[in-house]
Amino acid sequence: MADVTITVDGKKITAPAGTLLIEVCKTAGIEIPAFCYYPGLSLQAACRMCVVRQEKVPKLQTACTTQIAEGQVFFTDTPEVVQARKATLQLLLGNHPLDCPVCDAGGECELQDMTFKYGAADSFYAEPKNHREEQKWSPVVYFDRPRCILCYRCVRVCGEGMDVFALAVENRGSSSIIVPNVPAQLAPDNLAQLDCEQCGMCIDICPVGALTSGTYRYKTRPWEMNHVATVCTHCGDGCKTTLGVRSTSDGSQIVRGDNRDKSGINGDFLCNKGRYAFDFANNSERITQPLVRQPNGELKPVSWEEALTYVGTKFAELLNTHGGRSFGVIGGNRLTNEEAYLLQKFARSVLHTNNIDHHRTADYAAFAQSLAGTAGRGASLRDTLIAKAVLLVGGDPTNQNPATAWNLRSNVRHNGARLYIANITEIKLRRQARAFLHVAEYGYGALAEYLAGDDSTSSSVTPDSAALASFRDALRSEESLLILIGNELRGAELKRLIDFGLTIPGAKFALLADYANSRGAADMGLLPDLLPGYTHIGPIDTADPASRIALEYHSPTSPGLDLLEIFDAATVGNLSALYVAGANPVARYDVDPATLKNTFIVVQDMFLTETAVLADVVLPAANLYEKSGCVSNSYGDLQQVKKAADRAGVRSDFEMIVRIADKMGADVRKLVPFGPGSNSEGISADMGQTRGAESGEADRHAVWLTANNLEPRLSPFDPSAMLDEIQRLVPGYKLLRLQLLSGNDQHLSPAAVPIRDDAGLVQISNRRDLVLPANDTLFTSGSLTRYSASLNDLQQNQLRQPIIQIDNKTVVD
Amino acid sequence: MPRLVSHPDEVIVLKRRFGQGAAKIDRYIALDGYAAAQKAIAQGKDAMPGWIIDTMKASGLRGRGGAGFPTGMKWSFVPKTSAKPKYVLVNGDESEPGTCKDHMLFREDPHAVIEGTIIAGLAIGAKTGFIYLRGEYRTLLNIMEHAVADAYARGFLGKNIFGSGLGFDIITQTGAGAYEVGEESALMESLEGKRGVPRIRPPFPAVVGLYGGPTIINNAETIANVPHILLMGGEAYCQLGSERNGGTRLFSISGHVERPGVYELPMGYPLRKAIYEVAGGILGGKELKAVVPGGASCPVLRADEIDIGLDFDQLAKCGSMLGSGGIVVLDETVSIVEFALRTIKFYQHESCGWCIPCREGTDWIKKTLTRVYEGGGAKKDIETVQYVAENMMGRTFCPFGDAAAMPTLGFVKKFRKEFEDYIEGKKAGTPLMTEEHILVGAGH
Ligand SMILES: Cc1cc2nc3c(=O)[nH]c(=O)nc-3n(C[C@H](O)[C@H](O)[C@H](O)COP(=O)(O)O)c2cc1C
Ligand code: SF4
Ligand code: SF4
Ligand code: SF4
Ligand code: FES
């Protein structure tokens, strides 16, 4: 639309014709109050708070529905306008309980803020207020009717945003009420309830305290918490989240997860896991003391010093007697990049072994190799919100990558994006799809072949050859395509699909995975046959920059054992030591405990998992919310993780690795390049002008110093020392420190190095079982599930629900 | 059930077939029925739409639903071509207290509504018309459905109407009993099966209406006028009325009059005569206290304000409205406090609740007036009621808010003394009004 100029309060403002006045004003710094308006949701014109005076128009106009046109003149702050807003507030407050002192929203309430601004607190009505009891709609959603101001935001975010439509307005006039989708008569205990995805978006979006969260309500006051912006640990989308933290006798506890500043890659969104499932951290089963197995077979709590000395001595001894090849190291998907990098560096340069792997939830190795030599082909999560056309093969974002699903829905709704889906099940996102292709079981490989032009595979994809043909035709006609790939596609299949995609000039790719740092674990080289940045292990060629890491590490130059081979080695008695950091392979890969009885096992974890109970030493670990560093989501969007909570007795994986190396007698300074800031490579010319969202005036200097690597890395436990090395050595991780420290995301496109033919890579196609996705649903999160009270409650709740399905396939009969 | 009434001063256009069994299609045809539609078709495909709209413009007919918007002009706003189907929507939700004229039309002359709908469709190029009846008008729905079926059987509706090669369908529909769905955009929502809540405008229905297609929405009386106008000619119809107010109108006169009923009077007819002559004067020879001139939403007139002509402009000039033509007459025994309460009770009950000022405002006025009525009032309550009503005016999402606030303001401003006396214990009038008094001019 062409630009037009309007006048607001005497100020000339230019903006595209047709823009909503309320948005134009916001950009110009003129505040228009609004309850019902919410960017991205349909317009309501219901609350009448946004009224303004428009010249030559008889009635006050609502800024939320007024589309601007050339020459219009508005006044937003006249006595008449102020009076109208005040009167509307008075009317609302007349029936409002005004229980602010106990309301969860107190201090964060839009009604409070507006009353403060317009001074409408004087209530002149003598009549009693309408009262109704609070209702529990689900383990996580509570409703306090009297506080509801009927802005309909919850109804819209649930319907339009989530495509769930679990909330609605019932009755009319002053009896109007927001109701959930399971009426009392159909509910097991005769209380109305919600059968939905339990994302809590309705709570988030409620301007008042009418919808509150079951996990947070009446726990604290907002100003009594510290608010720490970090990244959700649960899925590969890596939503930015703000944790509300309170101090307790044994550390500090997370009491709330929300999405306060909405500045992250997830925009407005957070799913139920991001919002509630931080509570595993507070689980009483957490280990808070190191445990060492005694001759009688029991695990006994010991001091940190004793445990670490024991591990260090034992590792050194086994290394001496059995050599690095008898070691196995397994990392996790919720370690930070710094930790993952450190773990593999420790394995390779201290334990001298390439027997290192992690619980792979998607085949990032094949993904990176397929894109080797290309540039700019990696998609960001942000692309899912703007891409004109999207192909989704496999996966089920609604359950496994909820933020991706949210973005795709928004993109279809707002921009009319064309979404093409091929899946073996009728995933919910098909409702937004322009074309949905029902793929036969095991048909993704055939689909990739077919898309690439091999018509002979048609019948293995689907019996409906016409649908298949038109699906391919539609894709071929796209000029650019965002290709999202589920973790079902691996190895050669994955490569085939990417090869097809590469024929579309503007195609970009992402491989969807399960956990916060699944992608980072692979990027950082927790792989037996690839070094960080998917560079090859050997043979070393000093002239080849891709050999830089191998050169520095002095590590073995042939591939090590992968995760399954490590356990195979144990079975035949060839595994002297197993070191596991943040993974539960025994349960995940169904390992027979008996095979490990002659192996010295060290496990770093929060809980006594199936793997930890077999260990000789269990070291209590901090979780992602209790440490600092960075993570890379499925898309390669890098974000900072900030320490929010703390738990007495636990240590970060980073610190544990360093201390074990130290106890082994290794040169810790070589492992973690700490010391006075010496790394001046890439000092930014930005003199600290671009302060990030989270740096206040006071730490301007600190941010700049840190951002430019000028701060001394004071100890070997400082992850930023490790990040220096990652930045220096890992291809694709040329990140902007300032961006990271400002709490902003940045998209990295690891420019995978073409792999040499003689590199002896593990062919995932033949080892499909190496990749073991968690296949999480909305209410699970791998092994963490059972330690999260809220996820357990939600699963229980789901089981006792009546018949409405999230997918709307079955409806109440 | 409104009875058939008549008076020599009436000018009969719409009531021509009342009481003559015209619900039967043969009877209707015998009384010039469906001649207007055929006359329109006879103009030839190309000339027809223009001819109809020009005739309507010339007739000076203004919408009978309440707002009085010129009908011909409304039809001319519909775009000639449209990607989406166009529709005609007949508003028979008639729920304004004091109004029962559409009721008479559906009962006495259903084919006139059908024929008017067909002609409206021909004028804008619509293929489908909807006739939406108030939820409580169940018996009338039967009559309408019969009439529609008969019209299909004769080929007046269907794929090839009157052998013209043009198709037109009519679908009847009822509401679930909400006043607010009489508001045109809420009407469309209701018809589409959604909650009866208004839509944001623009876009206006003539451009984006029912199911997203260009739609004209007219009151049933407006539509029933159309065949008559085409037969008698626009100018002839226009001349029956007053300046800028063409034709005649059905007035529902109810309350304390000797002969309540629906009378067809020329626009501009004197209100005093309508009460004292046409309706036979005040019941039992009592004194007149006040008149609500156009349905419950129109500000009340005191007994000394009734020397005025019944048309849109004259009533607007004196601060009230002609509205839907429902004249409610109150005699000296009526307590205005109670009447005001009864009125706001209706609006509080019928508010759709979408927007804050209307939903909360009607509720607070009702609560406050209830307390006043029950003897617990204080003088400042009058201010509260006035303050709330003034702050609803012009601030709500749809005109309902004004419709509730305006009469309230009328009562407290024009009868403030009575409120004050009532509060001080000198209650004026004895409680009299029952729901029947207000809704239908039955009474005796
Ligand atoms: C609250 C409210 C209720 C209304 N109820 C009716 C009604 O019952 N019947 C009607 O014809 N118009 C009603 N209207 C007016 C309609 O919105 C619309 O103006 C009318 O149907 C247009 O037809 P007309 O131009 O023929 O009058 C109502 C308007 C409002 C604001
Ligand atoms: S519950 Fe909250 S979001 Fe929903 S309508 Fe009420 S105030 Fe608005
Ligand atoms: S979508 Fe993924 S990253 Fe975002 S809140 Fe949910 S689980 Fe966490
Ligand atoms: S004014 Fe508002 S609450 Fe009242 S009927 Fe109209 S939209 Fe509904
Ligand atoms: S924000 Fe405009 S009416 Fe609510």
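Visitor: Where in chain A does A:Tyr534 lie?

Guide: A:Tyr534 lies in the loop between β23 (530-531) and β24 (535-536) of chain A. Strands here are DSSP runs of E with at least two residues, and helices are DSSP runs of H or I with at least four residues, both numbered from the N terminus. This is a predicted model, in which local features need pLDDT of at least 70, side-chain atom pairs count only at pLDDT 80 or more, and totals for chains, interfaces and linings use all residues. Residues are numbered from 1 along each chain as its sequence is written, chains are lettered from A and ligands numbered from 1 in the order in which they are written, and side-chain values use heavy atoms, with hydrogens and water left out.

Visitor: What about its phi, then?

Guide: The phi of A:Tyr534 is positive, about 60 degrees, although A:Tyr534 is not a glycine.

Visitor: Is A:Tyr534 buried or exposed?

Guide: A:Tyr534 is buried, with a relative accessible area of 3%. Buried means under 20% relative accessible area, exposed means over 50%, and partly exposed lies in between (1.4 Å probe, protein chains only).

Visitor: And A:Asn190, where is that?

Guide: A:Asn190 is in the loop between β9 (177-180) and α5 (201-205) of chain A. A:Asn190 is not a glycine, yet has a positive phi of about 60 degrees. With 52% relative accessibility, A:Asn190 counts as exposed.

Visitor: New topic: which residue does a cis peptide bond join to B:Arg201?

Guide: That residue is B:Pro202, and omega is about -10 degrees. B:Pro202 is found in the loop between α8 (184-191) and β4 (215-219) of chain B.

Visitor: What joins B:Pro202 and B:Pro203?

Guide: A cis peptide bond joins B:Pro202 and B:Pro203, with omega about 0 degrees. B:Pro203 lies in the loop between α8 and β4 of chain B.
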